[in-house]
Amino acid sequence: QVQLVESGGGLVQAGGSLRLSCAASGRTFSAYTMGWFRQAPGKEREFLTYIWGSGALTYYADSVKGRFTISRDNAKNTGYLQMNSLKPEDTAVYYCACALARDGWRRNDYDYWGQGTQVTVSS
């Protein structure tokens with residue numbers, strides 16, 4: 001069982017940076033692939049990135065490749081999403097999630113979800 005809580009969202013100007021955190025409770029956090037998704041009003045939830053439990057592999061959607069970086073610190077039971085060069089179209093609620101599946105680019109791969117944190121990017 002894993003419980004996830006996102007934090008670090010807020011209001012930033014275009015071109016700025018923000019780091020989101022995902023605090024996990026549970027004894028087997030390192031066994032889970034961790035991913036990040038986002039959902040803007042009226043739109044489907046969008047896959048952004050995932051990282052294997054060991055941290056050995058990461059994968060990024062084209063929309064954030066080169067701007068966002070996923071990482072994790074299993075000793076702290078925490079995952080991170082560093083977001084740079086933010087654009088107004090990045091405005092959304094951002095969710096972290098954990099999956100036992102190795103590939104984590106599909107919503108249905110994920111077993112646990114956080115409550116989300118709002119990111120707003122002004123032009």
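**Exercise 1. Find the ring that R45 lies over, and the distance to its centre.**

Solution. Start at R45 and look for the face of W113: R45 lies over it, 5.0 Å from the ring centre. Here a charge sits over a ring if NZ of Lys or CZ of Arg is within 6 Å of the ring centre and within 35 degrees of the ring normal. Next, go to R72, whose charged end sits over the ring of F29, 4.3 Å from its centre.

A word on the model: it is predicted, so local features need pLDDT of at least 70 and side-chain atom pairs pLDDT 80 or more, while totals for chains, interfaces and linings use all residues. Residues are numbered from 1 along each chain as its sequence is written, and side-chain values use heavy atoms, leaving out hydrogens and water.

**Exercise 2. Decide whether the pair Y32 and Y112 is stacked or edge-to-face.**

Solution. First, the rule: rings of Phe, Tyr and Trp (its six-membered ring) pair if their centres lie within 6.5 Å; planes under 30 degrees apart are stacked, over 60 edge-to-face, the rest tilted. This gives 8 aromatic pairs. For Y32 and Y112, the centres are 5.8 Å apart and the planes at 75°, so the pair is edge-to-face.
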